Amino acid sequence: MSARDQLLVVIDPVARRTDGESVRIAKDVLGAGAGVRVCLPESPEEFKKALVRRGTRRPVVVGDDAALLRAVGVLHRERALASAVLSVVPVGSAASAVRLARGLGVPAGAVAAARAVLEGAPRRLDLLVDDRDGVVLGDVLIPPVGAVGAGLSGAGDGGGGERHPWLRTCQSLVRTLAVRPSRVVPGGPSRLRVEADGVTLVDLDQPVEGVSVRPGGAGFARVEVHPASVGAEVAPVRARARSVTVSGPDFRYRADAVVTGPVRSRTWHVRAQAWGLVLPR
């Protein structure tokens, strides 16, 4: 990226409240290397207006994963992802708040991330878009229904966690879901139909402990279904597909950091190289 770039730096209000020092550092580094216009939105609507009215400036989001998701969602709905290239300086109150950005390759720390904005290169990334026009940058996770009621206490340690690594993956999501009202009666693993490009991977007669869907590159999603087992381990069912549909009794799922549901059906389509993110060279 050229030092002559004109940047629109949109600073999320949560970042300003939780880590003002990192925000200040990011502003100083960006301002020393490019022309900067700083925007301090106080609401999602102001956040949206700032991005929509960015003109020729490159948008830089200073905030956590929720702010990054909001920015991609705005540009997607404005049909501007093809022309806009995002940058992000991850700022959050905890490492978990910026896990998605770091997983995408954005450096940790305000200085390193801001320098990557100035010196990095845009990379085109695949995107999952669901049948309600929602976007997913990382992964979709559907936990076992029974675990929502049981809480999965201790699933991350001891023998149970070692025998079923999938339960460790689901643990944080299950705890989130368990405190929310649910129409789903806890009763064991989920019974879901999972279809990849129209091919049924598992049907309602095969209980599952969990399902994950994530961009896998080259315009495909990676699908992984973990069948329920009693005693002996059952190998997960894996597939690559451009379209994935999950249906069945009411289920909840997490898409990136957002918990949704209960729903009875959801389809995700892969948009190849649909959005751009500036990453270190």
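Select arginine 242 and phenylalanine 220 to begin: the charged end of the arginine sits over the ring of phenylalanine 220, 4.2 Å from its centre. Such a placement requires NZ of Lys or CZ of Arg within 6 Å of the ring centre and within 35 degrees of the ring normal. Next, display arginine 70, which lies over the face of phenylalanine 47 at 5.0 Å from the ring centre.

The model is predicted; local features need pLDDT of at least 70, side-chain atom pairs count only at pLDDT 80 or more, and totals for chains, interfaces and linings use all residues. Residues are numbered from 1 along each chain as its sequence is written, and side-chain values use heavy atoms, with hydrogens and water left out.

Now view the whole chain, which has 9 helices and 14 strands (DSSP runs numbered from the N terminus: helices H or I of at least four residues, strands E of at least two). Of its 281 residues, 52% count as buried, that is, under 20% relative accessible area with a 1.4 Å probe, protein chains only.

Move to strand β1 (residues 6-11), where 5 of the 6 residues are buried, so the strand is largely enclosed by the rest of the structure. β1 pairs in the parallel sense with β2 (residues 35-39) over 5 bridges; pairing requires at least two DSSP bridges between the strands. Valine 10 stands opposite cysteine 39 in β2. β1 also pairs in the parallel sense with β3 (residues 58-63), over 5 bridges, and there isoleucine 11 has valine 62 as its bridge partner.

Select helix α6 (residues 110-119) next. Its buried residues include Ala113, Val117 and Leu118, and the buried residues of α6 pack against β1, α2 (20-33), β3, β4 (85-90) and β14 (258-279) (contact: heavy atoms within 4.5 Å).

Finally, select Phe251, Tyr253 and Trp268, which form one aromatic cluster. Rings of Phe, Tyr and Trp (its six-membered ring) pair if their centres lie within 6.5 Å; planes under 30 degrees apart count as stacked, over 60 as edge-to-face and the rest as tilted. The ring centres of phenylalanine 251 and tyrosine 253 are 6.4 Å apart and the planes meet at 45 degrees, so this pair is tilted. For tyrosine 253 and tryptophan 268 the centres are 5.3 Å apart and the planes are at 90 degrees, so the pair is edge-to-face. Tyrosine 253 lies in strand β13 (residues 243-255) and tryptophan 268 in strand β14, so the pair ties together parts that are 15 residues apart in sequence. Tryptophan 268 is buried, with a relative accessible area of 1%.

Technical notes. Buried < 20%, exposed > 50% of the residue type's maximum accessible area, 1.4 Å probe, protein only.
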